[in-house]
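Take a moment to open the model in your viewer first.

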Amino acid sequence: MKNSNIFLSGFVVISLFLSSCAEGLEDLDGNPRNITQEQLEVDFQNVGSLYKPMFENIYQYTPPWSFQLQQNLNADVFSGYMTNPRPFVAGANNTTYNLVSGWNNFIWSVPYSNVMNNAKTIENETRETFPELFAVSQILKVTAMHRVSDVFGPIVYTKFGESATTSEYDSQEEAYNAFFADLEEAIQILSDNIDSPRFAAFDLAYGGNYENWIKYANALRLRLAIRISKVAPTKAQSEGEKSLNHPVGLIEANPDGFFVNGTLDHPVRTINNSWGDIRMNASMESILVGYEDPRVGSYFNTSEVEEGVYKGVRNGLPLLPGYDDELAQKADYVTFSLLADEVLTPRVQLMAAAEVFFLKAEAGLRGWTGAGDVQGNYEQGITTSFQQYGLGGISDYVSNGTRTPMDYVDPVTPGNSINALSTITIAWDDAATNEEKLERIITQKWIALFPEGQEAWSEYRRTGYPKIFPVVSNQSGGVVDTDLQIRRIPFVDSELQTNPDGVADAVTKLGGPDNAGTRLWWDVPGGNF
Amino acid sequence: MKRTILVFSVLLALLMTQQVKAQEKTISGTVTSTGENAMPLPGVNVIVKGTAKGAQTDFDGKYTITASAGDVLEFSYVGLTTISVTVGASDIIDVAMEENLEQLDDVVVTALGIAKSRKSLTYAAQDINADELNKVRQTNPVNSLSGKVSGVVVNRSSSGAGGSVKVTLRGNASLGNNQPLYVIDGVPLSNPTGGQPLDTFGDINGGNRDGGDVLSLINPDDIESLTVLKGASASALYGSAGLNGVILITTKKGRAGSFKVEASSNLLVESAAYYIDLNDEAESNIKDFFNNGVTNINAVSLSGGSEKAQTYFSYSNTFASGILPTNKMSQHTINIRENAQFFDGVLTASANVLASTQTIDNRPVSGLYFNPLVGAYNFDSPGERLSDYENFEELDPDRNIQSQRWFRATSDIEQNPYWILNRNASEDTNRKLLASMNLKFKINDWISVQSRGTYDQTFLNYEKKVHATTEATLAPANGRYIFTEQDIRQLYGDVIATINKQFNTISLSANVGTSTTRTTVELLNADSGTNGGLQFANVFSIQNFNANPQVSLFQSSLDKKVNSIFASATIGFNEKVFVDLTARNDWSSSLPSSNNSYFYPSAGITGILTEIFDMGEKISFAKIRGSYAQVGNDVPANTVFPERQILFGGGLSPLDPVRPLGEVRPEQQSSFEIGTEWRFFDNRFGFDIGYYHTSTVDQYFQVPVSTGTGSVTVGVNSGDIINEGFEASIFVTPVQTGNFKWTSNINFAANDNEVQEISNPSDDVQIDNQVISPPGVNTFASYLVEGGQYGDIYAQVVKRDANGRPVVDAGAIVINDENPDNTIAGLEKVGNANPDFTLGWNNTMTYKNISLDFLIDGKFGGETISMTEAIVEGLSNNTQRETENALIEVVSPTGDVSTLTAQEYYGLAGGRNGFTGEYVYSATNVRLAEIALGYNFQLSENSFFRSIKASLIGNNLFFFYKDAPHDPNVTLSTGNALQGVDVLGLPSTRSWGLNVNLSF
């Protein structure tokens, strides 16, 4: 073999190599296991696939630890519904007003990442072409975002997605005005397309029934109107009366309530049953057991610590003297009452029919047209709530004028025991003052809203009812008044870091320091009337 | 690209047409080394004395030169004694050159496997031979570099045998990879990891685990030498992969004419050595809990061959049991290499296959999830011993199942440690297959072309079987099964033309080449999850998953290709001054096609002072060097246009993935280095000292933006991170008598890092910091902050009054608020994980047949946090100071003084999310890293054996100085996160052993 032949064969090898080397680079990048925009458009999933995450993240289903931070370790405790038996962070946590900013980021990020963002995409893709799909998305968006505003005050809403890196906040008043406008538009669009079947495949609440969506939107508008009834009574009345007098009406029957029929377990079920991280709150025990309310058995199990007895935990527990560590303290308090499985089904309650009757009762008290009889609505609210859980004995309960919230005894740490803060009874008293009437209405609404702590905490702040127990340990450094309790949560770290100018402007719009003691716009001090 | 190929082909063709013209009298011959392993010597300079005529030997040691009878030929080669021969009647002159006693002046393998004489290098390179590497055997050969090469910072993983290693050369610069490139015989090695831990809490999907690296899959006995190219000048030819420096591994080859069998066996016994300060009872429980670990490494190799073909074959196995009960590792490695010459040496072909398999049971984890040490350290049950719970399960008659038993209720982080080890067991199976081929054509005496191809496959498998009745946070009622499989393939090919030519007094050594690297990764992950669960308890298979969206099933694919052309030239002027130039252009598929090409050059110069000036007898050698290099870098695959992820049974990932804010550009690093090297008194003493400065700009950062934008993070090119420092190595032979010799090496390096910029002022989005270790829910984090340093660590600090007393308010310690400029999200800067300087002192003493080696390894400066201690004090009263329970003075915010007991105070300060600022220690440490006492048996002339050597070895024996309760040289992650913190990592061990080497 001649050398030249060897070289020739060598060059053949080399040229083969070089030609493979010259192959295009353009098409290699990208993970083919993910989905492209083009693939998403098949079956209109570019829109349809966006609804499920919206439904399942207003009140986040999964992962449960994320919901624990989104709501369970703030509003669910602040509302007097539940308490964590374990004093996280050696007792220096949200529940003792030593706010853990790393936790509270989730209150903000979960709805923005999963609801607001999807709503924006849906708006871009459907507003002109399939307006009824856009309308449902708007109702879900208001459902999620009024809760965020009720935690922080100013939020990014009308100017969402307008800039690539920073964003401008709306004041809470601007946000609420936008909620009303969005609901109005959605109700109008759905009324015009009431028979369209287009949403059925993606609907986790009403199976595509737009009439129910309109009833819910009306009820939600009434909820928001009542919320601003002290700070903006004229606007409140005009928005509230639109709902009260709407031809399609409001949610007034239990099957029409707004529940998300999720495909996953109720998040609190894991936190309650598997982790033992949440238990009955002492305020719940005081009111439900004091009233001998049959709903107590639907909401809670009897405790281990006192066999056969419902036992709640005081909120705001520090690392108590005598305990070496969090786990030792938890070991004692985890034996208090669990939440019952009956309220922890995969069907997450966001608005039950009973709430609407209590809203109407208050609207009546405020003299709004179309609200109906105050006492009638109050009693219908209780009745509807009892029926929701299939309970009897309604008339005895409604007419009981003697039972009151009872004193609380902590069997593990007697120093935590506390006397009941109110003597409000159940039976309607038409001769009572408006303030007493409102306490009665809100106390019953509070029971009916369970376990949705976010709405209960908002209404507690607005009205001061029911009178729930203060924290055992207040570690806010004087920022939060123990008796007035926590009013809001400061703007989140991720926003402070990425959007400092936006947050500075939001603090101006808040109208007070960015801390947990500052009242929101709708949170007006003084009497309710 | 097409045009470049054309240019390249034309160039090759031009070179080929050139022929050496015959002269009147042509003299040829072969130059070899002397001794039993005589080898042809390439690159020897041959000159006709008194004329400008010169030649160099080729790859086979052959040369031709024209000369007349009576001329004197001078053969010179760095490190060898120069030989002069007078030309006589014969046309053939073969020469054998003797090596100098000191082998410091030999050939160094540089980038792409190109051999260069050490003196011509314009940058710092330090090498270490097999003997030095394997004196004290490590399961991962890279561990042996610590202290032996200046500027190499080695941190070994806390995950025991088979664990990965973090190597840092000249500081950290990147948010991505900071590890050097490993190169085997000139070809880049694919060194993926199965993942590294990120945060201090731990990974709920199996614990904070070390995914391992590929280096532990290589048999250290196959390594002939390691060369460390520290800076970008040295590694510029490797392109972006060599950005952080290169470690070149040269493996053993068969040699012509000598048949050799070598066998070695190594037995090491290790024990847990460095704990936190526990009380007597807790310490005795822990000591009972840990075992003595045993590591047994056996290796055998055969090598030999003829002039035309040589073979090397080796097999090794490793069996190790760790100090953690049930932790075991077994490994087998086979390596075969064939070299053959064809057509009278015109074509040299070689092929190499390396196959390795490794199984690790219960690789230790750090952090809080699935970590048996949580329960072991915090066990505190009056009247009971931890060993009482070695019976970790009992029958639960309600379920008819064996359920976990523990002295108190289990929690997300605390379970019976024996239960975790036996019923939350994990298994890692890693395999490597590396097949390569190399064809080299010798076109004429001074041109050759070689082509190499490598198929490099790494297979990483991880399985965890979590039995029913495991703590509910970690697994649902029926248990949990995790299965991960990664298949990583790298195809590499190159063609390089090499020219070695002497033009009168000017020597030219040049390379022109092209290469392509294609990497594909296929990942399959199946996890029944913490809520999804299994249908039937304790059956671990994917078909037993509950069909719901809370189980995780996903696949991921990645495909990336980088094409390159490159050229380099080393021009020598009279063997006195050398100029080195390189250029490379890369095209990467991970960059946008409009911007996917990037070019970078390097230039260096060195002058051999002893050749230029007459410096007298005492100075044997002196040179100065300087170089400048730029290196470009692409971004990881699937970064520029990422698609949305589908969640199993759960629709789409909630938000769009990170997208670039503008157009993505390649990253750039520029570096500059100078140095000088001196040797005195016949090489009895010498030093090498260097300074470097590197600046890394335009890194692809992920930047969080306001959630109100519709994104969470965007990608931008930004930042400027500076590293500068000094490196020095000194060698000396203090004593050299007939029978006794003592040689000593000192290696010093200091690196100073500065984060010059995080955001460029012109960027659309400005940020203050980049997260290196996310704080998560614990009080430890690491951030890159403008004006700060890479590796700064942040902790929660106690507020103190003017007298240093802690401020306590309403039963809680108050967080310090007096240092807001150095505080991020409530955590304050308390130190830096990296040492200010490192110092290694390596010694060899020989007396007749006895040798003693010891290595003292020191790291000075830097801080480390013992979150382990914080956790133990938060969860129990098991530390010594809590048991002693002295009183601690504290003040209220208004200044009222009171006292707390140590149990009360550390109960408040401790915990994973407590005041970690109370647990900061200096990371400075000086240790006796290695010791080996060897004996070379005296063998008779006709012995069956060539040599027998036995040594007693010790590893990590004790610290001359250490402040931290743990060993700061051990890291929880060999990635970037979790530096400067210990969170229940496996205690560092000391080991003793015996090593026997046979050669016959």
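Predicted model: local features only at pLDDT ≥ 70, side-chain atom pairs only at ≥ 80, totals over all residues.

In it, 74 residues of chain B are in contact with 69 residues of chain A. The largest nonpolar core holds 241 residues, and the domain assignment of chain B gives domain 1 and domain 2.

**The interface between the chains**

- On the side of chain B that touches chain A, at least two residues each come from helix 1 (2-17), strand 25 (447-466), strand 26 (480-503), strand 27 (506-527), strand 28 (552-573), helix 8 (867-875) and helix 10 (902-909) of chain B.
- Strand 28 of chain B gives the most to this side, with eight residues.
- Sorted by class, the side of chain B that touches chain A has 34 nonpolar, 32 polar and eight charged residues.

**Domains of chain B**

- Domain 1 of chain B covers 2-99, while domain 2 is assigned as 125-757 + 834-862 + 923-999.
- Taken over C-alpha atoms, the centres of domain 1 and domain 2 of chain B are separated by 40 Å.

**A helix pair in chain A**

- Helix 5 (residues 64-72) and helix 7 (residues 101-126) of chain A pack with their axes 7 Å apart, at an angle of about 95°.
- Helix 5 and helix 7 of chain A are therefore roughly perpendicular to each other.
- Ser66(A), Leu69(A) and Gln70(A) of helix 5 make the contact with Trp103(A), Phe106(A), Ile107(A) and Val110(A) of helix 7.
- By class, this contact has five nonpolar, two polar and no charged residues.

**Nonpolar cores**

- Within the largest nonpolar core, the residues that touch the most other members are Ile139(A), Leu140(A), Leu183(A), Trp213(A), Tyr216(A), Ala217(A) and Ala795(B).
- Helix 8 (residues 131-152) of chain A gives the most to this core, with twelve residues.
- Leaving aside neighbours within four places in sequence, Ala795(B) is in contact with residues including Phe780(B), Leu827(B), Ile865(B) and Val920(B).
- Another core, of 60 residues, lies apart from it, and among its members are Leu145(B), Val246(B), Ile496(B) and Val631(B).

**A closer look at Thr410(B)**

- Thr410(B) sits in the loop between strand 23 (401-404) and helix 6 (417-423) of chain B.
- Thr410(B) counts as buried because it has 20 C-beta neighbours inside 10 Å.
- Not counting residues up to four places away in sequence, Thr410(B) touches Gln404(B), Gln415(B) and Glu471(B).
- From C-alpha to C-alpha, Thr410(B) and Val577(B) are 71 Å apart in space, and they are 167 residues apart in sequence.

Note on methods. Residues numbered from 1 in each chain as written. Chains lettered and ligands numbered in written order. Contact = placed C-beta atoms within 7 Å. Helix = DSSP H or I, 4+ residues; strand = E, 2+ residues; numbered from the N terminus. Nonpolar A, V, L, I, M, F, W, Y, C, P; charged D, E, K, R; others polar. Domains from an automatic or database assignment. Axes fitted to C-alpha atoms, helices over the stretch in contact; angles between N-to-C directions. Parallel < 35°, antiparallel > 145°, perpendicular 65-115°, else oblique. Core = buried A, V, L, I, M, F, W, Y, C linked by C-beta atoms within 7 Å. Buried ≥ 20, exposed ≤ 12 C-beta atoms within 10 Å, placed from the backbone.
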